[in-house]
Amino acid sequence: MTTSIKTIPFRADHVGSLLRPERLHQARKQFKEGDITKEGLRQVENEEIKRVVEKQIEVGLEVVSDGEFRRTWFHLDFMEHFNGFEGYVPDQGYQFANGVETERYNVRNTGKISFNPEHPFIKDFVELNELVGGRAVTKQTIPSPNQFFNAGIRNENIYPDIEEYANDLIKAYQDAIQAFYEAGVRYLQFDDVYIAGLSAPDIPFNDGQYTRDYLIDLALRVVNGTLENKPEDLFVTTHLCRGNYRSTWAFSGGYDIIAPTLLAKEKVDGFFLEYDDERSGGFEPLKHIPENGPRVVLGVITSKNGELEDRDTILKRVEEASQYIPLNQLCLSPQCGFASTHHGNELTEEEQWNKLKYIVDLSKEIWK
């Protein structure tokens with residue numbers, strides 16, 4: 001399948017993660033308890049990934065992911081395999097709405113940062129791409145380099161200067177991007193809770209040492225630095241998220257504060273933006289996105305519950321957004337994945353597939 005700037009991101013797209021089936025949950029439990037081997041777990045993963053690849057194609061999507069079925073978290077599994085980091089169990093998890101605390105796991109900086117050429121995500125992508133076999137475009141999702149700026153990750157004894165930390169992250173991500181490209185990736189997505197947090201009234205996951213303006217500027221420099229040597233036929237998008245854990249959320253805030261810098265100047269091919277409820281603010285910040293620049297994938301369909309949104313409401317919201325950015329620069333998707341962590345959101349698999357098919361059908365109606 002050939003791709004171009006005109007098609008990525010797609011009119012009907014999705015963020016990437018899918019609900020983990022019970023069979024996969026059971027296999028992971030058995031592996032932890034020593035009842036099956038690593039190879040046995042991978043075989044179950046392979047079979048379940050094959051099933052959801054076929055299902056994504058069946059509902060009409062032109063883009064396919066592995067549902068992040070080999071991961072526990074959307075970000076930590078990737079981050080802990082960088083040289084200079086390790087996973088660990090902290091004293092507490094992240095605090096989400098309604099008093100929800102996440103499962104306790106995180107990463108921390110233990111040495112100088114570099115990309116590990118044996119990173120397991122490379123092999124995972126090669127196998128997935130072979131499975132898709134050109135019937136759709138295979139998307140690779142990874143956490144944005146900005147996720148490494150969350151409070152408590154950088155070791156100030158190793159990196160007393162945050163700029164040196166940023167420079168090493170940029171180089172590591174440049175190497176990662178090249179490795180993914182050589183493995184066949186042509187559609188890469190950065191998942192970035194951190195920069196969405198920079199637009200929240202009270203910046204979450206931040207230690208307070210730096211001003212908001214400085215952190216916004218740093219976030220922009222890191223992403224653009226990472227993409228400086230990007231191959232021309234590799235398309236990169238950024239997904240902004242306000243937290244997605246068992247259908248709860250971590251913070252609120254529109255895009256107004258970050259739009260003049262990050263939405264206007266980040267050198268990506270598209271932005272996946274959450275717009276499924278009032279926490280996301282209005283569409284006016286979209287005016288900062290350059291004309292004929294990045295596409296905006298409107299996350300007006302929620303992944304947090306199984307109820308299908310009203311058709312006329314969705315059409316009206318797309319029309320509202322088109323007052324600030326041309327309709328031909330817009331696309332549709334859920335506001336986030338269905339399972340940013342292995343726990344998943346509170347809906348059924350059938351409801352998940354109905355949502356994705358609904359997005360495909362609506363996109364055909366809107367962009368005839």
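Modeller: Before we begin, a helix here is a DSSP run of H or I of at least four residues, and helices are numbered from the N terminus. The model we are looking at is predicted.

Colleague: Which element gives the largest share of the lining of the second largest cavity?

Modeller: That share comes from α4, with four residues. The second largest cavity is lined by 13 residues, and Asp66, Arg71, Phe121, Asp124 and Gln140 are the ones nearest its centre.

Colleague: What makes the second largest cavity a cavity, and what is its volume?

Modeller: A cavity is a space where a 1.4 Å probe fits but cannot get out, and this one has a volume of about 120 Å³. The structure holds three cavities of 30 Å³ or more. Among the residues lining the second largest cavity, four are nonpolar, three polar and six charged.

Colleague: How do you know whether Thr302 is buried or exposed?

Modeller: Buried means under 20% relative accessible area, and Thr302 has 8%, so Thr302 is buried. Thr302 lies in the loop between β8 (295-301) and α9 (311-321).

Colleague: What makes the pairing of the side chains of Thr302 and Asp276 a polar contact?

Modeller: The limit for such a pair of N or O atoms is 3.5 Å, and these side chains are paired at 2.8 Å, so the distance meets the limit. Leaving aside neighbours within four places in sequence, Thr302 is in contact with Asp276, Glu309, Gln335 and Lys355.

Colleague: Which residues have the most contacts inside the largest nonpolar core?

Modeller: They are Phe82, Leu286 and Leu298, in a core of 97 residues, to which helix α5 (residues 162-182) gives the most, twelve residues. Apart from this core lies another, of ten residues, including Phe235 and Cys331. Residues belong to a core because they are buried and joined through side-chain atoms within 4.5 Å.

Note on methods:
Residues are numbered from 1 along each chain as its sequence is written. This is a predicted model: local features need pLDDT of at least 70, side-chain atom pairs count only at pLDDT 80 or more; totals for chains, interfaces and linings use all residues. Side-chain values use heavy atoms; hydrogens and water are left out. On a 1 Å grid over the protein atoms alone, a cavity is a set of points where a 1.4 Å probe fits but cannot get out, and a pocket is an open set with protein on both sides within 12 Å along at least five of seven lines; lining residues have an atom within 4 Å of a point. Grid points are joined across faces, edges and corners, and a volume is the space filled by probe spheres set on the points. Helices (H or I, at least four residues) and strands (E, at least two) are DSSP runs, numbered from the N terminus. Ala, Val, Leu, Ile, Met, Phe, Trp, Tyr, Cys and Pro count as nonpolar, Asp, Glu, Lys and Arg as charged, and the others, Gly among them, as polar. Buried means under 20% relative accessible area, exposed over 50%, partly exposed in between (1.4 Å probe, protein chains only). A polar contact is a pair of N or O atoms within 3.5 Å; within protein, one must be able to donate a hydrogen and the other to accept it, and residues adjacent in sequence count only if both atoms are side-chain atoms. Contact means heavy atoms within 4.5 Å.
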